[in-house]
Amino acid sequence: MVNGGDVELAQAAVLGAALIDESLVGELTLKVEDRDFATPKCRMVYQALKKLFLAGQPTDPVTVVNQLSGGGEDGWRQYVMWAMDVASTAVNVWEHVRIMREQARLCRLQELGGRLQAAGSLEAAQGYIAKASSELVDRPGVKYVTMEEALQDFFTRHHERHEYYSWPLDKLNDRLFVEGGDMVVLGGYSSAGKTALALTFGWYLAGLGKRVGFFSLETGYKKLHDRLIATTMRMNLAKIKRSELDESDYQALSIASKRLIKPELELIEAAGMTVADIQAFSLSRRYDAIFIDYLQLIPSPQGRSRYDAVTDVSIRLHQMSQTTGIAVFPLSQLSRPDKDRDGRKAPNMASLRESGQIEQDADVIMLLYKEDPDRPDSRRVLKIAKNKEGEVGQIYLTFDGNTQTFRESVYDAPAPKPRSEPEYMQVKLGDPPPEGDPWPQQGAS
Ligand SMILES: Nc1ncnc2c1ncn2[C@@H]1O[C@H](COP(=O)(O)OP(=O)(O)OP(=O)(O)O)[C@@H](O)[C@H]1O
């Protein structure tokens, strides 16, 4: 038999850790089920924590005791204090979760054993044995559905129009079916405008009511916010940078201030953050979508080579999107292509720098590049290079660097390739005139 005192100890250590370190609660709610707590009392505390967390309220000891006791004093305070005492720190919480889960499973098996002993028929005994075997193979976190459950879920899901993430570009709305749990990579060469475009996307999603985190591993929040003001207010970025705003600018900002502070977009200075840090922070801030600028800057413990490190980060980001249900938008640098004869070779998925793993993990890959690499004001091409749920293709965008603003180009086709010299000049001196001379001499019949 599992010792009752030991069982309660591991559970109390887990609950105590969550009470000591509030940032753990999000991850616990995803990884720990109610049934992992064998004791009803511990389960109640866990349910109270979850309820508060999901309602966006604090999960500190005072709030939790209040939630449990409904304002009246009935012993919960002593229990909560004791649990925090048992844990003392949150450092070993995942080891305690493992012990607690094993003990809970053993308790369930022992209970089934008792029922088996008292079974009144062979059929009932077989039922208990089947349950016990599924307890033994059942792994926490493995989700599975039968065809019957899947069909029921299908009807529920498609009864109403499914809401996918929206984009500020109509042509993306036509092609992409992105939802929570997807990983969408935005790749581009340096200065192509990845950050500017990602900020535009993040701002737009936040405006639609999503909670969005923008993790920048390369830029401070002030620079990002200057850009956001330029694009949302259509103000000249250089003017903002030089602090040359005039009276009318301040007036416009003051009129727009409500609109500027409403979106739930947060800018995070994330230099040095690992994927685990980003995940824990995102869960504690309850983000629906996160942008990460940019993937190659995320440190990895698997740092033997750049290839290993980037591969590891990509796998972890993918796991994070899948296990948390957060839509993850990592930005990625591209390696320079060999130019083709026109000097315009477009990037492809192989250009995603340093690891082919990114290509494997992403649900959608968009690549942003200048149509004419030699012109700063060139149109941008947004190439949908991978789209698991829809069509690939490309979209032409104009980019106004002054206001950091992207728009769909009216001319929806590649620009004509420049010719180094007019065709007629390419006829070498001494060659016979081309047939059907398109530039006949004046007066010739
Ligand atoms: N005041 C300005 N006027 C015009 N263009 C500007 C101004 N400030 C920045 N730009 C342009 O805006 C673009 C911003 O690019 P952005 O930083 O978003 O690119 P990126 O792809 O994220 O690059 P990196 O990977 O180097 O961070 C650049 O092309 C830059 O030249």
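Student: How is the model numbered, and what limits apply?

Tutor: Residues are numbered from 1 along each chain as its sequence is written. The model is predicted: local features need pLDDT of at least 70, side-chain atom pairs count only at pLDDT 80 or more, and totals for chains, interfaces and linings use all residues.

Student: What is the mean pLDDT of the chain?

Tutor: pLDDT is the predictor's confidence in each residue, from 0 to 100. The chain has a mean of 84, and 86% of its residues reach 70 or more. For the complex, the predictor gives an ipTM of 0.94 and a pTM of 0.67.

Student: Where does pLDDT stay under 50?

Tutor: Where pLDDT is low, the predicted coordinates should not be read in detail. Here that concerns residues 436–445, where pLDDT stays under 50 and the model has one contact beyond four places in sequence. Two residues are in contact if their C-beta atoms, placed from the backbone, lie within 7 Å.

Student: How many helices and strands are there in the chain?

Tutor: Helices (H or I, at least four residues) and strands (E, at least two) are DSSP runs, numbered from the N terminus. The chain has 16 helices and nine strands. Of its contacts with a separation of 6 or more, 66% join residues 24 or more positions apart.

Student: Which residues of helix 3 are buried?

Tutor: A residue is buried if 20 or more other C-beta atoms lie within 10 Å of its own, exposed if 12 or fewer, and partly exposed in between, with C-beta atoms placed from the backbone. Of the 445 residues of the chain, 32% count as buried. In helix 3 these are Cys42, Val45, Tyr46, Ala48, Leu49 and Phe53. They fall within an arc of 155 degrees seen down the axis, so they line one face of the helix; the arc is that of the directions from the helix axis to the C-beta atoms. The face turned away from the buried side carries the exposed residues Pro40 and Leu54. After helix 3 comes Gly56, with a positive phi near 75 degrees.

Student: Is Phe37 buried or exposed?

Tutor: Phe37 counts as buried because it has 25 C-beta neighbours inside 10 Å. It is found in the loop between helix 2 and helix 3. Beyond four places in sequence, the contacts of Phe37 include Cys42 and Tyr46, both among the buried residues of helix 3.

Student: Which residues are closest to the ligand?

Tutor: A residue is near a molecule if its C-beta atom, placed from the backbone, lies within 6 Å of it. The ligand is surrounded by 13 residues, the closest being Ser190, Lys194, Thr195, Ala196 and Gly401. Helix 10 (194–207) and helix 12 (237–241) each supply at least two residues of the shell, and helix 10 gives the largest share, three residues.
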